[in-house]
Amino acid sequence: MTKSWTLDDMPSQKGRTILITGTGGLGFEDALALAQAGGDVIIAGRNPMKGADAVRRIKEKAPQASVTLEIVDLASLASIEALAKRLKETRDHIDVLINNAGVMTPPTRETTKDGFELQFGTNYLGHFALTGHLLPLLKLGQAPRVVTLSSIAVRSASAAIDFDDLQAERQYKPMPVYTQSKLACLMFAFELQRRSEEAGWGITSIAAHPGVSRTDLLHNGPGRRSVQGLLRSFMWFLFQPVAQGALPTLFATTSPSARGGAYYGPDRLGETRGHPTEAQIPRQAMEKHVAHRLWEISEALTGISFNAQVSPPELPGLNPTTIRREG
């Protein structure tokens, strides 16, 4: 990029319907900026009070904003399906889906309502299922895009998809499990682009990460008294403002220059802060055979078939417990 991209460079979003998961932090900043640019914004989150507060704050700053709240728990496949059903009944298309919401490093292993490890199930499988359910609406969108959030953590040399212990049942270490979930998100973004091109879906899939930003994730995951939480509280100056961290996502969402299958992050200090630029793609994320295997397992785990665009019939002898243990 020849110059630093800012919100002043964002084109009008009037006439575009944009769904964002997450009501606080990056999700809030995304929603605010896109609503101010004229987009018809849907915020999807699991906390009704927090979501209503986000809508109120956006309308205070942009009284003419079109912003609504939908309730969804990304840790529940039934909740995701219910959201998709409501949207199909009330909307005739979706132009942009931003897969943003997430959980980070709970100190002990927790599970979703469907028995998946919480980080993998929420950050990755929940968004995989949501994207699959919304595929028909996205295909009807105008120049539709899916933007999926990854993390700078995936640059770790040890980052990998552990098919032998995909749900961290044998060993749970908070940060490696978080990193796996975000690597899965990055691989999903690339694989979705490849499959869209092959199948002619017309959907552009892009990945982004916020660098190191002052979001609530470190407080909401291990807690304020953890090492990570104390770092976030007392060394706040190391973290860029969350509005700055949202810029790579907003660039990927709106810029005519954003490319399908690309990955965007901040441009300074090892991608920890700055303005949007093309991010370094870790070697692991480019392994197509791993991405293909992960996709097939994800379809089986979630019951979502992207090709069929409907939930497939239950496969005899195949259930999430079996797959979680056997990979």
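The legends below describe close-up views of a predicted model.

**View 1**
Of the 327 residues in the chain, 56% are buried. The chain exposes about 14,200 Å², and carbon and sulfur atoms supply 52% of this area. Among contacts between residues at least 6 apart in sequence, 73% join residues at least 24 apart.

**View 2. The open sheet of eight strands, with mixed pairing.**
The strand order is S3-S2-S1-S4-S5-S6-S7-S8. S3 (66–71) and S8 are the edge strands, and each pairs on one side only. On average, neighbouring strands of this sheet are turned by 25 degrees against each other, direction ignored.

Gly45 has Ile71 of S3 as its bridge partner.

**View 3. Strand S7 (residues 263–268) between S6 and S8 in the strand order.**
Strand S6 (residues 204–208) and S7 run parallel and are joined by two bridges. The bridge partner of Ala207 in S7 is Tyr263. S7 and strand S8 (residues 273–278) run antiparallel, with four bridges joining them. Here Tyr264 stands opposite Glu278 in S8. The hairpin of S7 and S8 has four residues between the strands, and Leu269 in this hairpin takes a positive phi near 50 degrees.

**View 4. Helices H4 and H5 against the strands.**
Helix H4 (residues 118–139) lies across strand S1 (17–21), strand S4 (96–99) and strand S5 (145–149). H4 runs at about 180 degrees to S4. H5 packs on the sheet and touches S4, S5, S6 and S7. The direction of H5 makes about 155 degrees with that of S6.

**View 5. The crossing of helix H5 (residues 174–199) and helix H10 (residues 288–302).**
The two axes come within 9 Å and cross at roughly 95 degrees. Angles of 65 to 115 degrees count as roughly perpendicular, and H5 and H10 are therefore roughly perpendicular to each other. On the H5 side, the contact is made by Ala184, Met187, Phe188, Glu191, Leu192, Arg194 and Arg195. H10 contributes Lys288, Val290, Ala291, His292, Leu294, Trp295 and Glu296. By class, the contact of H5 with H10 has eight nonpolar, one polar and five charged residues.

Note on methods. Residues are numbered from 1 along each chain as its sequence is written. This is a predicted model: local features need pLDDT of at least 70, side-chain atom pairs count only at pLDDT 80 or more; totals for chains, interfaces and linings use all residues. Side-chain values use heavy atoms; hydrogens and water are left out. Axes are lines fitted to C-alpha atoms, for helices over the stretch in contact, and angles run from 0 to 180 degrees between N-to-C directions. Angles under 35 degrees count as roughly parallel, over 145 as roughly antiparallel, 65 to 115 as roughly perpendicular and the rest as oblique. Contact means heavy atoms within 4.5 Å. Ala, Val, Leu, Ile, Met, Phe, Trp, Tyr, Cys and Pro count as nonpolar, Asp, Glu, Lys and Arg as charged, and the others, Gly among them, as polar. Buried means under 20% relative accessible area, exposed over 50%, partly exposed in between (1.4 Å probe, protein chains only). Accessible areas come from the Shrake-Rupley method with a 1.4 Å probe; for residues, only the protein chains shown count as cover. Two strands pair if DSSP finds at least two bridges between them.
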